[in-house]
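Colleague: Could we go through this model together? I would like to begin with the helices.

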Amino acid sequence: MGLKVDCRFDVEKGAARDLVRVAGGLTAAHVADFLVLWEGLTRDVTPEHDVEVDLSDLLSVDAVGLDALRRVANAGTKLVGASHYIRMKLDSKPSAGQAR
């Protein structure tokens, strides 16, 4: 029997930045919720107030989740705390079937 890893998002709002913690597994089933949360927070971004995504507790990510993380990073959101494995996946080129 396989282990199911759910995903959790926690938000810590601060004066200089909002921090989104992603824990568990970021899969296609969770990406829409993640992007809605992220887009809501980025409405308040200014040079003095930004958004970071903490990946310290991210255990797994599928291709759709990787694409979402790349999308937020390409939009200027800082990704912090990623394990070596997750960072390696983020830094690799998307396969031909994935969106760029």
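Colleague: At what angle do the axes of helix α1 and helix α2 cross?

Modeller: This is a predicted model, in which local features need pLDDT of at least 70 and side-chain atom pairs count only at pLDDT 80 or more, while totals for chains, interfaces and linings use all residues. Residues are numbered from 1 along each chain as its sequence is written, and side-chain values use heavy atoms, with hydrogens and water left out. The axes of α1 (residues 28–42) and α2 (residues 63–74) cross at roughly 15° and come within 9 Å. Axes are lines fitted to C-alpha atoms, for helices over the stretch in contact, and angles run from 0 to 180 degrees between N-to-C directions. Helices are DSSP runs of H or I with at least four residues, and strands are runs of E with at least two, numbered from the N terminus.

Colleague: Which residues of α1 and α2 meet?

Modeller: Ala28, Val31, Phe34, Leu35, Trp38 and Glu39 in α1 meet Val64, Gly65, Ala68, Leu69, Arg71 and Val72 in α2; contact means heavy atoms within 4.5 Å.

Colleague: Now Glu52: is this residue buried or exposed?

Modeller: Glu52 counts as buried because its relative accessibility is 13%. Buried means under 20% relative accessible area, exposed over 50%, and partly exposed in between (1.4 Å probe, protein chains only). Glu52 belongs to strand β3 (residues 50–61).

Colleague: Which residues does Glu52 touch?

Modeller: Leaving aside residues up to four places away in sequence, Glu52 touches Arg17, Asp18, Leu19, Val20, Thr77, Lys78 and Val80.

Colleague: And where does Gly14 lie?

Modeller: Gly14 is in the loop between β1 (7–13) and β2 (17–26).
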